[in-house]
Amino acid sequence: MMRKVTLFLSLFSLLFLLAACQSAGSSVSGAVSSGNTSSGTTSSPSTSGSSSSNGSASSGGSSAPSGSGSASSGTDSSQPPAQSGDASQSSSQSEPEPQPEPVKPSNNHTLYILMYHSVVDGDGSNCNDWMTTTQRFREDLQWLKDHGYTTLLPSELENGASLPEKAVLITFDDGYANNYTQAFPVLKEFQAKAVISMIVRRTVDGKPDFLTWDMCREMANSGLVEIGSHTYDHHANDPRGIKRMNGESRKDYEARIFSDLEKSISLIEENVGKPVTFFAYPHGQTEPWASDFLKEHFAMTVTTQHGPANVSHGLYDLSRHNINFKEPLSKYLPA
């Protein structure tokens, strides 16, 4: 009897332990399930930890790119990563920087060409229609500066640069020595530019009142002065400059004038070391027979016809204002 009771108690104890273990397992499972449900989120593979680094079954066995979710996260790995940081800062950084307004080319075609000859010391009492004083020349350049004028060189015009709104070309005819001794220091003082057209033979012959080659080179090397041609030796009154003579054949005319002009060009280039691009007609007298030759050898030619020059149709046979001691620049140029 006692053995039966002992066996019964043993079985009862075993059943009780099994029931207790089953109850404990259900409680743990319920706690886990309850914790996941209360978070309100659907679990997804973590981007960190051993599962991420080794790959998961849902990713097909290949690891996702660094910083992106696995395939089970529902994101497209081909898209660029989302920008981080403050959205307003990102927006401001993506805005293009304002660009400066483009510089509009000038439509100005008016060039004021000033014709000087001789510049002398004194009060002007000894000046004729082709002369001015050093002081007046300085006043002229000061007036140009004060009123916003820009001085140019023939080579700058030859290159086709747009004219500034107030464009000036300062010219000197004949090649007097005082262009160097009196005018050049004033040009340097104002950093103004000018072109001097030489009667070349007067320099070759060493005439005391005319430029020397050393003077020409110094001025040309300064970058402020260019040397042009005023013929080699055809500045006479009869025949008038490069005008044809009465009854002269075209062949004889070309032999007489063209050889003179070519000689002036070659001597200037040989002694100054700069190209010759500018020609001033002696006495301002043009000649149709020379037109094609001049265009072939020079980029710019000027006459003595009075008035502002219009360069919209080219740089040949342009008009000038004769400047002397008697009249101020303000008489010819707008302020």
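Residues are numbered from 1 along each chain as its sequence is written. In this predicted model, local features need pLDDT of at least 70 and side-chain atom pairs pLDDT 80 or more, whereas totals for chains, interfaces and linings use all residues; side-chain values use heavy atoms, without hydrogens and water.

The protein chain holds 10 helices and 11 strands (DSSP runs of H or I, at least four residues, and of E, at least two, numbered from the N terminus). Of its 335 residues, 37% are buried (under 20% relative accessible area, 1.4 Å probe, protein chains only).

Thr203 sits in helix α7 (residues 200–204). Its relative accessible area is 9%, so Thr203 is buried. A polar atom of its side chain lies 2.9 Å from the backbone oxygen of Leu211. Beyond neighbours within four places in sequence, Thr203 contacts Met198, Leu211, Thr212 and Trp213 (heavy atoms within 4.5 Å).

There are 12 aromatic pairs (ring centres of Phe, Tyr and Trp, the last by its six-membered ring, within 6.5 Å; stacked under 30 degrees between planes, edge-to-face over 60, tilted for the rest). Tyr180 and Phe184 are stacked, at 6.0 Å centre to centre and 20 degrees. They are 4 residues apart in helix α6 (residues 178–190), so about one helical turn separates them. Phe184 is buried, at 3% relative accessibility.

Phe258 and Phe293 are also stacked, because their centres are 4.2 Å apart and their planes at 10 degrees. Phe258 belongs to helix α9 (residues 250–272) and Phe293 to helix α10 (residues 291–297), so the pair ties together parts 35 residues apart in sequence. Both residues, Phe258 and Phe293, are buried.

Definitions and conventions:
Buried means under 20% relative accessible area, exposed over 50%, partly exposed in between (1.4 Å probe, protein chains only). A polar contact is a pair of N or O atoms within 3.5 Å; within protein, one must be able to donate a hydrogen and the other to accept it, and residues adjacent in sequence count only if both atoms are side-chain atoms.
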